[in-house]
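Subject: Structure handover

Hello,

Here is the structure I promised to pass on. Please open it first, then read my notes below.

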Amino acid sequence: MSNYQPKILGFLCNWCCYTAADSAGVGRYQYPPNLRVIRMMCSGRLDPSFPLEGLAQGADAIFVGGCHPGECHYQDGNYHALVTAALVHETLARLGVNSQRFLIEWASAAEGSNFVKIITQFTEHVASLGPLGTSEGIDPTVLRKKLALAATTAKDRKLRMNLIKASKEMIKKGDFSRPTIAGLVHEKCDKVLTELIGASLP
Ligand code: FES
């Protein structure tokens, strides 16, 4: 297990985190080479099915990087990304997947060193968990099949409507703390998530 190198899939916002990764490269900072990057214009583009599909397709962990709160180039995309992230965390927990395999964090374009620190720590942590399924005690093939099904259920229209309701309520309350957002997502999506996951997973 000592030579184990986790595969981490990253979704990075073009304006901040992707540029931070770029400046880390230009500045010749050293960091683990485990991250494979998909560039998005904003972390708000994150769809809940993306991380689930990424894990189903072979990643051991997922990283989402956006602009700091209050600095999103599209106003509040990163707050909506937190709502999506809360749904992903809740889905992973229901599947028995360690939710620490999914991380959402912020780094501005000028924070190459911060980006390096986040990725280095996350890679080390994921390495300590072992390949997907190991720390969970679940057969990886079975787990990836469940994740693929969960990625499909994450596209359900009713679930999307409830996720939008959670987003709207978050904006109305003006409370963007992660525990509050997780509570809102649980409140709005718990029932439909139970129906969907119960119906699709053995
Ligand atoms: Fe970076 Fe929205 S533009 S998170």
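A residue is called buried under 20% relative accessible area, exposed over 50% and partly exposed in between, with a 1.4 Å probe and protein chains only. This is a predicted model: local features need pLDDT of at least 70, side-chain atom pairs count only at pLDDT 80 or more, and totals for chains, interfaces and linings use all residues. Residues are numbered from 1 along each chain as its sequence is written, and side-chain values use heavy atoms, with hydrogens and water left out.

Disulfide

By the burial cut-off, cysteine 67 is buried at 3% relative accessibility. Cysteine 16 is buried too, at 4%. These two cysteines form a disulfide, with sulfur atoms 2.3 Å apart; the term means a pair of cysteine sulfur atoms within 2.5 Å. The structure holds one disulfide. Its S-S torsion is about 95°, so the bond is right-handed. Cysteine 16 sits in the loop between S1 and helix H1 (17-26), and cysteine 67 in the loop between S3 and H3, so the bond ties together parts 51 residues apart in sequence.

What about the sulfur of cysteine 17: how far is the closest cysteine sulfur? It is 7.4 Å away, in cysteine 13, which is too far for a bond. Cysteine 17 is buried, at 0% relative accessibility. Cysteine 189 is in no disulfide either; the nearest cysteine sulfur, in cysteine 42, is 20 Å away. Cysteine 189 is buried, with a relative accessible area of 1%.

Overall layout

The chain has seven helices and four strands. Helices (H or I, at least four residues) and strands (E, at least two) are DSSP runs, numbered from the N terminus. From that end the elements run β-α-β-α-β-α-β-α-α-α-α. The radius of gyration is 17 Å, close to the 17 Å that the globule rule gives for 202 residues, so the chain is as compact as a globular protein of that length. That radius is taken over C-alpha atoms, and the rule is 2.2 Å times the number of residues to the power 0.38. Along the principal axes, the C-alpha atoms fill a box of roughly 50 × 45 × 25 Å. Buried residues make up 48% of the 202 residues. Among contacts between residues at least 6 apart in sequence, 80% join residues at least 24 apart; contact means heavy atoms within 4.5 Å.

Cores

A nonpolar core is a set of buried Ala, Val, Leu, Ile, Met, Phe, Trp, Tyr and Cys residues joined through side-chain atoms within 4.5 Å. The largest one has 42 residues. Ile62, Leu92, Phe102, Leu147 and Val185 have the most contacts inside it. Elements that each supply at least two of its residues include S1, H2, S3, helix H3 (77-95) and strand S4 (102-106). H3 gives the largest share, 10 residues. Leaving aside neighbours within four places in sequence, phenylalanine 102 touches residues including Leu46, Pro51, Ile62, Val88 and Phe122. Another core lies apart from the largest one, with 14 residues, among them Ala61, Phe63, Phe115 and Ile118.

Aromatic pairs

A search of the whole structure finds four aromatic pairs. Rings of Phe, Tyr and Trp (its six-membered ring) pair if their centres lie within 6.5 Å; planes under 30 degrees apart count as stacked, over 60 as edge-to-face and the rest as tilted.

Phenylalanine 11 is in strand S1 (residues 8-13) and phenylalanine 50 in helix H2 (residues 49-56), 39 residues apart. Phenylalanine 11 is buried at 5% relative accessible area, whereas phenylalanine 50 is partly exposed at 25%.

Phenylalanine 63 and phenylalanine 122 make a tilted pair, 6.4 Å centre to centre with 45° between the planes. Phenylalanine 63 lies in strand S3 (residues 61-66) and phenylalanine 122 in helix H4 (residues 112-129), so the pair ties together parts 59 residues apart in sequence. Phenylalanine 63 is buried at 0%, and phenylalanine 122 is buried at 5%.

Glutamate 90

Glutamate 90 is found in helix H3. Is glutamate 90 buried or exposed? Glutamate 90 is buried, with a relative accessible area of 15%. Leaving aside neighbours within four places in sequence, glutamate 90 is in contact with His186, Asp190 and Leu193.

Best wishes
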